[in-house]
Amino acid sequence: MTETATANTTDTNPAHPAVASAADEALNTRNRLVITLLLISTFVVILNETIMGVALPRLMTDLGITASAAQWLTSAFMLTMAVVIPVTGFLLQRFNTRPVFIAAMTLFSTGTLIAALAPGFEVLLAARVVQATGTAIMFPLLLTTVMTLVPPAHLGRMMGNISIVISVAPAIGPTISGAILSVLDWRWMFILVLPIALTALVVGGTLMKNVTTPRKTPIDVFSVILSALGFGGLVYGLSNLGAASGGLGSVAGWLPLAVGASALTLFILRQLRLQRTDRALLDLRTFSSRTFTFAIVMMAISMMALFGTIILLPIYTQTVLGLSSLQAGLLLLPGGLVMGLLAPTVGRLYDRSGPTRLLITGAAIVSAVFWAMTMLGADSSPWLVLAAHVTLSFGLALLFTPLFTAGLAAVRPELYSHGSAMVGTVQQLAGAVGTALFVTVMASVAATSLAGGATDVAAAATGIHAAFLCGAVISLFAIPAAFFIRRS
């Protein structure tokens, strides 16, 4: 977009290069302002995905709910995003940048206010859904805007900045909530965020510029319904397996999975038909690129690893090792800082040498750490947990920037909004599935261990061991996928 604007200005004013240069500088300043506002606002909203992790034990006590119910405060957030994000492909084509931004931040701020005033679990869960609706719009808006405005030669560096938002914000969420819970009530997690969200809304709404050209695009309501049933059924069914009265063999656990899989199949078939006339809610022609396809596979595995450990480690350190919520949060802080500090460097390495080496190294490190974490037990040192999490964060830092950059760069420009929506959908669905899967395995194995006469601590340790073992097996699939991702 910047290069096109530059060329048009120069052609129009061939005798006035100074005028063209001034126009270019004004355009670049506008682009930098828009991207900066989107980065800051997206960081604020994504931070709330994982802010509940450390708070779950406190909420279970204060609200009188089970672990399986409490984890829905995180899973419902990510599930809502997975359901809403496909619709953003339509929104970004139909409306300008500024009104979409204002709508997103208004929804997020409203959800934050409701959460701060929530009298019980049901209202708090509804508030998390409203928050997630705003967050779901921000993430594809950021990706699509960056792909439109940033020249290909600088994409790696810019995606490094986006990786800080995407990876560091969820990683430091538990630390922030742990610090708040050590001195204040859980409602303050939202009370303190509210003025920040409102400031982002006012400043962004005032300064945000329109950088896209809207066009009339019809929305297929039936696709929206199928999307909600498909993604919702899969994650709800997976979460319900461990909580169902019959355990893993319960019909109540498997029925939503069957409904979700059927709806998702119909959704895919409908998109394949609608995309022939450019009316698809989520255009699947993005998968015609092999690089994009393998990047999506690796992204799903990486997000399952990130969100699964973010919710499991606080439970493990507090329930098994006996740490406080503040100590559990601080234990995850160094890993988040590692991802943030490495992201710009990884972006520069990508611009210099491409994604393949970075991805192979990162995937191998992540898998090795997961296998190491299967050895954590009731008498493990917190320092060992810290070392494992920092090393895992190092591996994930090598993955996120190359995956986002190589994957989206392989998509045709006219499909950027659909590619961004697909990335966001898979990211959030994988995070929700990772959270639900790890908690389900942990709860099921722990319940079996308790029934066999184990103590609460020993049962929890056994369940967490099984969950990490499941993650270790899944992580192996990312390593061969890394060999197929090349820079476009």
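Visitor: What does Arg187 count as, going by its relative accessibility?
Guide: A residue is called buried under 20% relative accessible area, exposed over 50%, and partly exposed in between, with a 1.4 Å probe and protein chains only. The relative accessibility of Arg187 is 24%, so this residue counts as partly exposed.

Visitor: What kind of model is this, and how should I read its numbering and values?
Guide: Residues are numbered from 1 along each chain as its sequence is written, and side-chain values use heavy atoms, with hydrogens and water left out. Local features need pLDDT of at least 70 and side-chain atom pairs pLDDT 80 or more, whereas totals for chains, interfaces and linings use all residues, since the model is predicted.

Visitor: How many residues apart are Asp220 and Arg270?
Guide: The side chains of Asp220 and Arg270 meet in a salt bridge with 2.6 Å from N to O. Helices (H or I, at least four residues) and strands (E, at least two) are DSSP runs numbered from the N terminus, and on that basis Asp220 lies in the loop between α10 (193–207) and α11 (221–243), while Arg270 lies in helix α12 (residues 251–274). Both residues are buried, and the pair links distant parts of the chain, at a separation of 50 residues.

Visitor: Is Asp283 buried or exposed?
Guide: Asp283 and Arg285 meet through their side chains in a salt bridge, at 2.6 Å from N to O. Arg285 counts as partly exposed because its relative accessibility is 25%. The relative accessibility of Asp283 is 3%, and therefore Asp283 counts as buried.

Visitor: How many helices and strands does the protein have?
Guide: Of the 488 residues in the protein, 58% are buried. Among contacts (heavy atoms within 4.5 Å) with a separation of 6 or more, 83% join residues 24 or more positions apart. The secondary structure comes to 19 helices and 0 strands.

Visitor: How far apart are the end C-alpha atoms of α13?
Guide: Helix α13 is mostly covered, with 26 of its 31 residues buried, and is followed by Gly322, whose phi is positive, near 80 degrees. The expected span of a helix is 1.5 Å times one less than its number of residues. For α13 this should give 45 Å, which agrees with an end-to-end C-alpha distance of 43 Å.

Visitor: Which helices do the buried residues of α15 pack against?
Guide: The 18 residues of α15 (residues 356–373) should span 26 Å, which agrees with the 26 Å between the end C-alpha atoms. The buried residues of this helix include Leu358, Leu359, Ile365, Val369 and Phe370. The helices against which the buried residues of α15 pack are α13, α14 (325–353), α16 (382–409), α17 (416–451), α18 (456–475) and α19 (478–482).

Visitor: What is the angle between the ring planes of Phe287 and Phe292?
Guide: Rings of Phe, Tyr and Trp (its six-membered ring) pair if their centres lie within 6.5 Å, with planes under 30 degrees apart counted as stacked, over 60 as edge-to-face and the rest as tilted. The whole structure has 5 aromatic pairs. Phe287 and Phe292 form an edge-to-face pair, 5.4 Å centre to centre, with the planes at 65 degrees.

Visitor: Which residues does Phe404 touch, not counting those up to four places away in sequence?
Guide: Phe404 counts as buried because its relative accessibility is 1%. Being 4 residues apart in helix α16, Phe400 and Phe404 are separated by about one helical turn. Beyond such sequence neighbours, Phe404 touches Phe139, Met159, Ser163, Ile166, Met299, Met303 and Val423.

Conventions: Salt bridge = Lys/Arg side-chain N within 4 Å of Asp/Glu carboxyl O.
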